[in-house]
Every structure is written in C-alpha cells, then in structure tokens.
Amino acid sequence: MRMVKVPLGNRSYNILFGHGLLARLGAECSKLKLGQRCVVISDRNVAPRFAKAAQRSLAVAGFNSFLITVPAGETVKSLKSVQACYDQLAKHRLERKSFIVALGGGVVGDLAGFAAATYLRGIDYVQVPTTLLAQVDSSVGGKVGVNLKAGKNLVGAFYQPRAVFCDFDTLRTLPEREYRAGVAEIIKYGIIYDAALFRQLEREMPKLLKRDGKILADVVARCCEIKSDVVAQDETESGVRAILNFGHTIGHALEAVSGYGKYLHGEAISIGQVAAARLSTQLTGLPAADADRITKLFRSARLPIKVKLNPAQIGKLCAAMKLDKKVSAGEVKFVLARKIGKVEFGKNVPLDLIRETLNP
Ligand SMILES: NC(=O)c1ccc[n+]([C@@H]2O[C@H](COP(=O)([O-])OP(=O)(O)OC[C@H]3O[C@@H](n4cnc5c(N)ncnc54)[C@H](O)[C@@H]3O)[C@@H](O)[C@H]2O)c1
Ligand SMILES: [Zn+2]
C-alpha cells in the first residue's frame with residue numbers, strides 16, 4: 001500500500017492508496033482514535049455501490065455507522081443540503097467525538113467536509129474519494145464548502161480531513177466522461193509543477209484513459225504528492241496554493257454562466273487551461289510550442305478545448321470572473337505559465353485580452 005503524508009503540524013494526515021482499501025476502512029479508522037459513532041455521507045450513485053462495503057468494514061472494527069444518502073450532482077452542494085445533513089447528524093446523535101465518512105466524488109467531499117467543519121463547531125471526518133477528480137484533487141487539502149447562486153464555492157472553510165483513502169477499485173464503475181474530467185486535473189499538475197509528469201502523460205495518455213492499473217496508481221500518487229507539497233507550503237491560499245487554480249478562473253466562470261451541470265468541472269477547466277495557456281504565450285512568455293503541446297494533450301484526453309460564445313455570453317463570463325474568489329481589488333488574477341512545469345500566480349489580465357482569447 002502506498003502512502004503520501006500531508007505535513008501540517010498537528011493537522012497532518014496520510015493519504016492511502018491501493019486496491020481493496022474500502023474493506024480496510026474500519027481498521028484504518030481505528031488507528032486514528034476516532035469516536036465510536038459515525039455517519040457515512042454518500043450520494044445516490046455511490047451509496048448503492050459502495051456504502052455497504054464501507055459500513056461493513058466500519059462495523060467489523062467496532063464502529064457504529066449510519067448512512068446519509070444525498071442526491072447526486074453539483075446542485076446538492078447547497079446550504080439547503082447542509083441543513084438537511086445537520087438534521088440527520090443530530091437525529092443520529094453524533095457528538096463531538098463522532099466522525100463523518102465522505103464517500104463519493106468532489107461534491108460529496110465538499111458537502112460532507114463542510115458539514116463536518118461546522119457541525120458542533122467541527123467534528124472529525126475522513127475522505128473516501130470515488131472519482132478520479134476527487135482522488136487527485138478535491139479530497140486532499142481541506143477546502144470544503146458549497147455554492148451560492150452568485151458563484152461556486154462561495155461559502156466554505158479550510159478544514160483538513162483526518163485521512164484520505166483512495167481505493168482504485170471504486171474507479172471501475174466511474175462513467176467515462178467523469179473519468180476524463182478527472183484527467184483534466186491530472187494534466188494541470190503537469191503544467192503547474194512537474195514537466196516529467198506532463199511528458200509521461202504525453203506518452204501514456206491512451207493507457208491512462210484505459211484505466212491501466214499501474215499508470216493510474218503512479219499518476220494518482222504523484223498528483224497527491226504535488227498537492228500535498230503545495231498545501232504544506234500554503235494551507236490557506238495566501239500565496240503559492242493559488243497555482244492549483246490554473247485554468248480555474250475561466251473554468252469556474254464558465255460553469256456559473258452555463259448553469260452548473262452543463263459542463264463537468266473537469267471539462268470547464270480544460271477549456272480554462274487551454275485559454276490560460278494562450279494568455280500565457282502573450283503575458284508570461286510561454287513558448288507557443290508549449291501552448292500547442294498543452295492543447296494537444298487535452299485533445300488526446302478527449303476533453304473540450306474551446307467553447308463557442310457570442311459577445312453577450314462573453315460579457316456574462318467576464319462578469320462572473322469578477323465574482324470569483326481569485327479577484328482582489330476588482331482585478332481578475334490569473335495563474336499563467338512560463339513553461340510547462342512552471343507557473344506564476346497573481347497575474348493581472350486585461351478583460352479585453354480574455355475576450356480576444358475566448359473568441360479568436
Ligand atoms: N475541495 C477542493 O479542493 C476541490 C477541488 C476540485 C474540485 N472540487 C469540487 O469537486 C466537485 C466535482 O467533483 P467530481 O468531479 O468528483 O463530481 P461528483 O462528486 O459530482 O461525481 C461525479 C458523478 O460521478 C458519480 N460517481 C462518483 N463516484 C462514482 C463511482 N465510483 N462510480 C460511479 N459513479 C460515481 C457521482 O454520483 C456523480 O454523478 C465540484 O463541486 C468541484 O467544485 C473541489
Ligand atoms: Zn478543479
């Protein structure tokens with residue numbers, strides 16, 4: 001079994017990777033000295049597949065678990081759902097020492113993590129990510145929260161899990177489109193931090209898309225290592241953690257203006273990353289050949305690389321970008337690349353140039 005540590009002082013935790021991890025969930029939780037009562041929060045796609053195995057394993061290890069099943073999809077990341085979770089947590093008499101198991105993709109992780117961060121002023125939680133995106137990104141780093149009508153993730157907290165369990169077996173049932181959306185975040189790590197990973201993806205994309213066990217294990221662990229590295233340097237995003245948002249300024253705005261649900265998060269940030277690469281050639285000296293390699297890699301993962309927008313839609317997109325959390329003093333701040341593997345954050349980008357890039 002592989003392991004990556006997220007070193008954050010007394011909030012440090014381990015990310016465990018492997019096959020058949022779900023069956024060991026209870027035993028691993030026992031090592032964390034968690035309370036005896038817990039609630040597994042999952043969604044309607046994931047719960048029927050994996051909740052039983054998780055609860056069985058918890059029971060064998062002596063935990064008393066209850067299941068909360070929420071609807072699937074981005075719209076469940078709302079304050080209304082958080083309220084419904086609180087009511088269930090209270091009903092099942094979860095106390096300060098109890099814990100939550102977030103079993104699902106990034107939506108469940110963000111929602112359950114936010115419930116854990118706030119219920120009784122904070123109880124423990126562990127992440128059991130079941131999507132590729134959640135395994136390489138959302139389950140690590142402690143960002144939890146929900147959406148408002150005004151924008152994505154506008155209410156939330158930094159609240160670290162006690163452990164993350166990435167069971168590769170759960171990925172077998174993930175729909176193809178969701179899997180590819182996760183690949184978009186994997187490519188991001190190559191661009192922002194690791195040229196060797198980027199080259200590996202250029203070589204092995206077909207294998208990765210086929211969910212080849214070895215490359216999957218390698219790549220997921222490497223992405224978590226990178227995320228851990230970045231989060232350890234800057235847990236609350238006052239600086240370098242912003243690099244994880246490469247492609248996200250445009251991506252989030254695209255998700256907001258097209259109504260949550262049209263584009264998957266990973267698809268929206270594919271378009272966002274390709275646009276950010278183009279902006280980088282103009283503003284931070286990214287060689288045009290590197291921008292082409294970036295576009296090509298997203299295309300080889302069969303991810304969308306552009307979007308057709310009319311001027312009115314572009315106007316809306318720019319307005320949505322100004323609402324994003326990455327805005328300070330009214331300026332839209334971007335992460336831009338110098339070369340593959342090296343980015344800069346906090347770059348001002350004129351709105352005109354964004355318009356031009358989106359509508360060449
Ligand atoms: N907290 C963070 O740092 C962070 C980082 C990146 C993304 N996010 C958030 O993550 C969310 C996206 O996460 P996601 O892409 O995992 O989406 P998701 O949680 O909606 O899961 C995608 C779909 O796959 C289904 N599913 C999940 N696991 C499955 C499995 N093993 N087999 C079959 N179906 C399965 C889900 O029910 C859902 O329908 C967004 O809300 C985004 O804002 C958060
Ligand atoms: Zn993302």
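Trainee: Is Glu 267 buried or exposed?
Mentor: Happy to start there, keeping in mind that this model is predicted. The cut-off for a buried residue is under 20% relative accessible area. Glu 267 has a relative accessibility of 8%, so Glu 267 counts as buried.

Trainee: Which residue meets the side chain of Glu 267 in a salt bridge?
Mentor: Look for a partner in another helix: Glu 267 sits in helix H10 (residues 265–283), and its partner, 90 residues apart, belongs to helix H6 (residues 176–193). The N to O distance is 2.6 Å, and the residue is Arg 177.

Trainee: How many residues apart in sequence are the parts that Glu 235 and Arg 11 tie together?
Mentor: These two side chains also form a salt bridge, at 2.6 Å from N to O. Glu 235 is in the loop between helix H8 (213–233) and H9, while Arg 11 is in the loop between strand S1 (2–6) and strand S2 (13–18), so the parts they tie together are apart by 224 residues.

Trainee: How many disulfides are there?
Mentor: A disulfide needs two cysteine sulfur atoms within 2.5 Å. The closest cysteine sulfur to that of Cys 224 belongs to Cys 166 and is 4.9 Å away, so this pair is too far apart for a bond. The count of disulfides comes to zero.

Trainee: How many of the ten residues of helix H9 are buried?
Mentor: Helix H9 spans residues 248–257 and is mostly covered. Its buried residues include His 248, Ile 250 and Leu 254.

Methods
Residues numbered from 1 in each chain as written. Chains lettered and ligands numbered in written order. Predicted model: local features only at pLDDT ≥ 70, side-chain atom pairs only at ≥ 80, totals over all residues. Heavy atoms only, no water. Buried < 20%, exposed > 50% of the residue type's maximum accessible area, 1.4 Å probe, protein only. Helix = DSSP H or I, 4+ residues; strand = E, 2+ residues; numbered from the N terminus. Salt bridge = Lys/Arg side-chain N within 4 Å of Asp/Glu carboxyl O.
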